[in-house]
Amino acid sequence: MSGEVTPAWKHLLEVEHLEVRFFTRRGEAQAVRDVSFTIDRGETLGLVGESGSGKSVTSLAVLGLIQLPGKITGGDVRWKGRSLLGQGGERYARSIRGKELAVVFQDPMTSLNPLFPIGTQIGEVLRYHMGMSKSQARTRTLELLDLVGISNPAQRIHQYPHEFSGGMRQRMLIAMALACEPELLIADEPTTALDVTIQAQILELLAELQERLEVAVLLISHDLGVVAQVCHRIAVMYAGKIVESGPAEEVFPRPGHPYTMGLMRSTPRLDLIQARLVGIDGAPPDLVRPPAGCPFHPRCPLAVEECLEEMPPLEAHGGGREVACWRAFTEAVGAEPGAGSTRG
C-alpha cells in the first residue's frame, strides 16, 4: 500500500487479495474477502452476485470511497501499476477519481442533485477536473448530452432532474461519468430502476460508447441477462468472495460452480419452456460470522464433508476459467444444465 510507481504495468486495473471489513456492534462484517481480478483497456468485466455479496463494496474500494465504519484491511488496488491505497496512494486516487476512473451509481432518481440544473452539474465536473471556462464547459456539456442520445440539449441543460424520466436521468449520469473521457467506467447496477425497454437502450448505449471511446467497463449487476449481453468476462461473487471467473462465452454455456449454476437456473430463458423457475434454497450467510469451509455449502445440493471444513481455492480449469469448488463442473441430479446468450 505504498503508492509507489511500478516501472511497467500489464493491466489497466489490478485488484489483488482485497479485503474490506465493517466494524459494527455485532462484530466485524467481512464484506470483501480476498478478492482479486484485473481489467484491461476496452474490456468489460461483469461482477455478478446476489445483493449483499460484496459487489458494490468492491467498486467503492477501487474508487477509494470506503468510509467508517468500513475499512480496507488488506490487499491492494493498482491503477496502471500504481497503488491507490496507503498515504501516497490516497492522494493519487483523489487526483484520478472522476477523471481517469468514473462511476455511474445505481439509482438515477437520487444520484443527481435536485437543486441544480443538469447543465450546471455536468459543467461542474468539467470545470473542476479539466479546468474549463464556463463557456467551454457549456459547449462540452452539449456535446456529451448529444453523445448519450438526449434530444434538444441546448434546452435540456437548463432543466432540473425532476423534469426527466428515469431513463433520461441515467443517460445524464453516464454523460457526467464520461465528461473527462475516463479510461475505466464503473457502472453499478445501471439498469436496476428502469423498465425492460429502457434497460435495453442503456445497455446498447454503453456498448456503443465503449466501442467508440475504447473505455474499459466494470459492470456490476445481479441480472445475468444484462451481463450476458455486454460483458467479455464475468466474475461471480458470493459472501464477499469470487467463486468463479472466466470468459462469458465459456461460463454461460457451462458454469462450473454450483452457485453460478443456481443463478443460471433462476434466470428466465427464451430457449427453454419452464413451468416455474428453480430458486436457490436458503439465504446468504451472515458475514459477521461466516460459515467454516465453503460459504455456499449450507445451500449447495452438491456439498460433501470436505466443503464444510475447508474453503476451496480459486483454481484454474483451462480456457481462462477459475472456480473455487471441490466439485467444480458437477451437475446436480435432475437439474437443467446452465445456458445463456453471450455478447455478440
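This is a predicted model: local features need pLDDT of at least 70, side-chain atom pairs count only at pLDDT 80 or more; totals for chains, interfaces and linings use all residues.
# Briefing: cores, helix H7 and selected residues

Met132 makes contact with Leu126, Arg127, Ala137 and Arg140, once residues up to four places away in sequence are set aside. The residue lies in the loop between helix H3 (118-130) and H4, and at 21% relative accessibility Met132 counts as partly exposed.

**Nonpolar cores**

- The largest nonpolar core has 56 residues, and within this core Ile174, Leu185, Ile234 and Phe252 touch the most other members. Helix H6 (residues 166-177) supplies the largest share of this core, namely six residues.
- In soluble globular proteins, nonpolar side chains tend to be buried together.
- Leu185, leaving aside neighbours within four places in sequence, is in contact with Ala102, Val103 and Val104, with Ala177 and Leu178, with Leu206, and with Val215, Ala216, Val217 and Leu218.

**Helix H7**

- Helix H7 spans residues 196-213, which makes 18 residues, and its first and last C-alpha atoms are 26 Å apart, close to the 26 Å expected at 1.5 Å a residue.
- The buried residues of H7 are Gln199, Ile202, Leu203, Leu205, Leu206, Leu209 and Gln210. These residues lie on the same side of H7, because they cover an arc of only 155° around the axis.
- An α-helix has 3.6 residues a turn, so residues three or four places apart point the same way.
- On the face of H7 turned away from the buried side are the exposed residues Val196, Thr197, Glu204 and Glu211.
- The buried residues of H7 are covered by elements that include strand E3 (44-48), helix H4 (134-147), H6, strand E7 (184-188), strand E8 (216-221) and helix H8 (224-230).
- After H7 comes Glu214, which has a positive phi, near 60°.

**Cysteines**

- There are zero disulfides in the structure. For Cys325, the closest cysteine sulfur is that of Cys307, and the distance of 6.1 Å is too far for a bond, since a disulfide is counted when the two sulfur atoms are within 2.5 Å.
- Cys325 has a relative accessible area of 14% and is therefore counted as buried, while Cys231, at 1% relative accessibility, also counts as buried.

- Glu19 belongs to strand E1 (residues 13-24) and, at 28% relative accessibility, counts as partly exposed.
- Not counting residues up to four places away in sequence, Glu19 touches Val32, Arg33 and Asp34 as well as Lys71, Ile72, Thr73 and Gly74.
- Between Glu19 and Arg327 there are 308 residues of separation in sequence and 26 Å in space, taken from C-alpha to C-alpha.

**Backbone features**

- Most residues other than glycine have a negative phi, and most peptide bonds are trans.
- The peptide bond from Leu68 to Pro69 is cis, with omega near 10°, and Pro69 sits in the loop between helix H1 (55-63) and strand E4 (70-79).
- Glu189, although not a glycine, has a positive phi of about 50°; this glutamate is placed in the loop between E7 and H7, and it counts as buried at 8% relative accessibility.
- Ala239, likewise a residue other than glycine, has a positive phi, near 55°; its place is in the loop between strand E9 (233-238) and strand E10 (241-247), and Ala239 counts as buried at 5% relative accessibility.

Key:
Residues are numbered from 1 along each chain as its sequence is written. Side-chain values use heavy atoms; hydrogens and water are left out. A nonpolar core is a set of buried Ala, Val, Leu, Ile, Met, Phe, Trp, Tyr and Cys residues joined through side-chain atoms within 4.5 Å. Buried means under 20% relative accessible area, exposed over 50%, partly exposed in between (1.4 Å probe, protein chains only). Helices (H or I, at least four residues) and strands (E, at least two) are DSSP runs, numbered from the N terminus. Contact means heavy atoms within 4.5 Å. The expected span of a helix is 1.5 Å times one less than its number of residues. The arc is that of the directions from the helix axis to the C-beta atoms.
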